[in-house]
Amino acid sequence: MGFLDKLFKKKIEGKTVEEWYGIAVGETDPEKKIESFDKVLTLKPDFAGAWNLRGLEFVVLKRYEEAIASFDKALEIRPSYPEARYNKEDAETELRKISTAENPVEEKKEGPVEV
């Protein structure tokens, strides 16, 4: 078996990148999808599409920081990846909404009015 054959036949838990990707895409539970995408990315860390899809699952779970980190990784690998860019912007928007809701700007409190 040549070097490239070995490279393309790498497996985790007896499954190839393609098999783990198929499992991830077919899964409905976001946590399990992330676990499968993690296995895909262990075997093929430069797979920008898998990083993007992994990020989307973190969005579903409202874990926006982790989503943004995944989208950043996808963009690091493929800077001109519009879906990852849009998804990252959406996740950042959601994160800002949460941040604003948790830390509203306090209105100025006026002191007692003297008459």
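**Helix packing and cores in a predicted all-helix model**

Phe 47 lies in the loop between helix 3 and helix 4; helices (H or I, at least four residues) and strands (E, at least two) are DSSP runs, numbered from the N terminus. The model is predicted, so local features need pLDDT of at least 70 and side-chain atom pairs count only at pLDDT 80 or more, while totals for chains, interfaces and linings use all residues. Residues are numbered from 1 along each chain as its sequence is written, and side-chain values use heavy atoms, with hydrogens and water left out.

Phe 47 counts as partly exposed, at 22% relative accessibility. Buried means under 20% relative accessible area, exposed over 50%, and partly exposed in between (1.4 Å probe, protein chains only). Leaving aside neighbours within four places in sequence, Phe 47 is in contact (heavy atoms within 4.5 Å) with Tyr 21, Val 40, Leu 41 and Ile 77. Phe 47 and Arg 78 are separated by 31 residues in sequence, and their C-alpha atoms are 9.1 Å apart in space.

The secondary structure comprises six helices and zero strands. Along the sequence the pattern reads α-α-α-α-α-α. Of the 115 residues, 30% count as buried. Among contacts with a separation of 6 or more, 41% join residues 24 or more positions apart.

Axes are lines fitted to C-alpha atoms, for helices over the stretch in contact, and angles run from 0 to 180 degrees between N-to-C directions. Angles under 35 degrees count as roughly parallel, over 145 as roughly antiparallel, 65 to 115 as roughly perpendicular and the rest as oblique. A crossing is left-handed if the near helix is turned anticlockwise from the far one by less than a right angle, and right-handed if clockwise.

The axes of helix 3 and helix 4 come within 9 Å and cross at roughly 160°. Helix 3 is therefore roughly antiparallel to helix 4. Their crossing is left-handed. From helix 3, the contact involves Pro 30, Lys 33, Ile 34, Phe 37, Asp 38, Val 40 and Leu 41; these meet Ala 50, Trp 51, Leu 53, Arg 54, Glu 57, Phe 58 and Val 60 in helix 4. By class, the contact holds 10 nonpolar, no polar and four charged residues. Here Ala, Val, Leu, Ile, Met, Phe, Trp, Tyr, Cys and Pro count as nonpolar, Asp, Glu, Lys and Arg as charged, and the others, Gly among them, as polar.

Between helix 4 and helix 5, the loop contains Lys 62. Lys 62 is exposed, with a relative accessible area of 60%. Its phi is near 60°, a positive value in a residue other than glycine.

Helix 5 and helix 6 have axes that come within 9 Å and cross at roughly 155°. The two are therefore roughly antiparallel. Helix 5 passes helix 6 in a left-handed crossing. Residues of helix 5 in this contact include Tyr 64, Ile 68, Phe 71 and Leu 75; those of helix 6 include Arg 85, Lys 88, Leu 95 and Ile 98. The contact divides into 10 nonpolar, one polar and six charged residues.

Helix 4 (residues 48–60) and helix 6 (residues 82–102) have axes that come within 10 Å and cross at roughly 20°. This pair is therefore roughly parallel. The crossing is again left-handed. Asn 52, Leu 56 and Val 59 of helix 4 meet Glu 83, Ala 84, Asn 87 and Ala 91 of helix 6. Four of these residues are nonpolar, two polar and one charged.

Asn 52 is buried, with a relative accessible area of 5%. Beyond its neighbours within four places in sequence, Asn 52 is in contact with Phe 71, Ala 74, Tyr 81, Glu 83, Ala 84 and Asn 87. Tyr 81, on the same terms, is in contact with Ala 48, Gly 49, Asn 52, Ala 74 and Leu 75.

In soluble globular proteins, nonpolar side chains tend to be buried together. A nonpolar core is a set of buried Ala, Val, Leu, Ile, Met, Phe, Trp, Tyr and Cys residues joined through side-chain atoms within 4.5 Å. The largest such core has 15 residues, of which Trp 20, Val 40, Leu 43, Ala 50, Ala 74, Tyr 81 and Ala 84 touch the most other members. Helix 2 (17–26), helix 3 (30–43), helix 4 and helix 5 (64–77) each supply at least two residues of this core. Helix 3 gives the most, with four residues. A second, separate core of seven residues includes Ile 34, Phe 58, Ala 67 and Ala 91.
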